[in-house]
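Dear colleague,

My findings follow it, and I would be grateful if you would read them alongside the coordinates.

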Amino acid sequence: MANTAAKRVTGQGRGKTGGRAFWRKYGKHYLGLAPFVVFFGVFILWPMLYGLVMSFFDWSTRTNAEISFVGLENFKTVLSEGTQQGKRFLTSLKNLSLFVVLVVPLNLIFATVISLVINQFRGRMHNFLRGAFFMPYVAPFFLATGVWLWLMSADTGLVAVLLAKMGIGEGVTWRLTPGYFTALLIIIDLWRAIGFNMIILTAGMKNIPKEPLI
C-alpha cells in the first residue's frame with residue numbers, strides 16, 4: 001500500500017513537472033498563434049455559426065421579438081425554381097460555378113507563363129518585374145474595382161474602346177450587361193490574383209536544380 005501511494009505521488013509530481021516543461025517549451029508558440037486563433041474565432045468562425053443558426057429562422061420581420069423558427073423552409077424557398085429567391089440563388093450559383101471554372105485554370109496558366117518569363121531575367125530587372133506584377137495583389141480591392149470600371153467604360157474607357165475596335169463588346173456597357181459583367185469580374189480577379197501565384201511559382205522555379213538528379 002505504501003509503495004502504491006508513493007507511485008501515485010511520484011506520478012502526480014511527474015505529471016505537473018511534465019506539464020510545466022511542455023508549456024515552457026511550447027508555450028511561446030501557442031502564444032504566437034493566439035492572435036490568429038482569436039481573429040479566426042471572432043471574424044470567421046462565429047459569423048459562420050451565427051449565419052447557420054439564422055438560416056433556420058424567419059428574419060423578415062422588423063422586430064427581433066417576432067423572429068420565428070421555420071426549420072428548413074428557407075432552404076426549400078432558396079432551392080425552389082418557382083420562387084424569385086430561388087431563381088436568383090440558382091442564377092448566382094451558375095455564375096459562381098462559371099467564375100471558378102474559368103478563373104482557377106486561367107490564373108495558374110498565366111501565373112506560370114509570367115513566372116517562366118520573369119525567371120529569364122536577373123538582377124534589378126527580375127526584381128522590378130516581380131514587384132510590378134505583384135503590386136495589384138496588395139492594392140485595395142475597391143481601388144482595383146474603380147480603376148477597371150473606369151478602364152471598361154463604354155465611351156471613355158481605354159480597354160473598352162480598344163476591345164470595341166477589335167469587335168469585342170462594341171456599344172456594350174460592361175458593368176450593366178450580365179455576360180460582360182461576369183467577364184469583367186474575371187478580368188479583375190485575374191489581374192489581382194496572378195501576382196500572388198506568380199511570386200510562389202517564381203520562388204519555386206528558382207529552387208529547381210539545373211543539374212540532372214541522376
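From the N terminus on, the elements of the chain follow the order α-β-β-α-α-α-α-α-α. In total the chain has seven helices and two strands, where helices (H or I, at least four residues) and strands (E, at least two) are DSSP runs numbered from the N terminus.

As to the basis of what follows, this is a predicted model, in which local features need pLDDT of at least 70 and side-chain atom pairs count only at pLDDT 80 or more, while totals for chains, interfaces and linings use all residues. Residues are numbered from 1 along each chain as its sequence is written, and side-chain values use heavy atoms, with hydrogens and water left out.

**The chain as a whole**

Of the 214 residues in the chain, 18% are buried; buried means under 20% relative accessible area, exposed over 50%, and partly exposed in between (1.4 Å probe, protein chains only). The accessible surface of the chain comes to about 16,400 Å², and carbon and sulfur atoms account for 69% of it (Shrake-Rupley method with a 1.4 Å probe; for residues, only the protein chains shown count as cover). Among contacts (heavy atoms within 4.5 Å) between residues at least 6 apart in sequence, 47% join residues at least 24 apart.

**Helices α5 and α6**

The axes of α5 (residues 141-151) and α6 (residues 158-165) come within 5 Å and cross at roughly 40°. That makes α5 oblique to α6: angles under 35 degrees count as roughly parallel, over 145 as roughly antiparallel, 65 to 115 as roughly perpendicular and the rest as oblique. The axes are lines fitted to C-alpha atoms, for helices over the stretch in contact, and the angles run from 0 to 180 degrees between N-to-C directions. On the α5 side, Trp148, Trp150 and Leu151 meet Leu158, Val159 and Ala160 of α6. The residues of this contact comprise six nonpolar, no polar and no charged; Ala, Val, Leu, Ile, Met, Phe, Trp, Tyr, Cys and Pro count as nonpolar, Asp, Glu, Lys and Arg as charged, and the others, Gly among them, as polar.

Thr202 lies in helix α7 (residues 178-206) and is buried, with a relative accessible area of 0%. Not counting residues up to four places away in sequence, Thr202 touches Ser115, Asn119, His126 and Arg130. Asn119 belongs to the loop between α3 (84-118) and α4 (123-138). Asn119 is also buried, at a relative accessible area of 13%, and with the same exclusion it touches His126, Thr202, Met205 and Lys206.

Ile199, likewise in α7, is partly exposed, with a relative accessible area of 24%. Beyond its neighbours within four places in sequence, Ile199 is in contact with Arg130 and Phe134. Ile199 and Ile114 are 85 residues apart in sequence and 9.8 Å apart in space, C-alpha to C-alpha. Val113, in helix α3, and Leu201 are 88 residues apart in sequence, with a C-alpha to C-alpha distance of 9.8 Å.

**Salt bridge**

How many salt bridges are there? The count comes to one, taking a salt bridge as a side-chain nitrogen of Lys or Arg within 4 Å of a carboxyl oxygen of Asp or Glu. Lys76 forms a salt bridge with Glu73, with the closest N and O atoms 3.8 Å apart. Both residues lie in helix α2 (residues 73-79), three residues apart, about one turn of the helix. Lys76 counts as exposed at 53% relative accessibility, whereas Glu73 counts as partly exposed at 42%.

Yours sincerely
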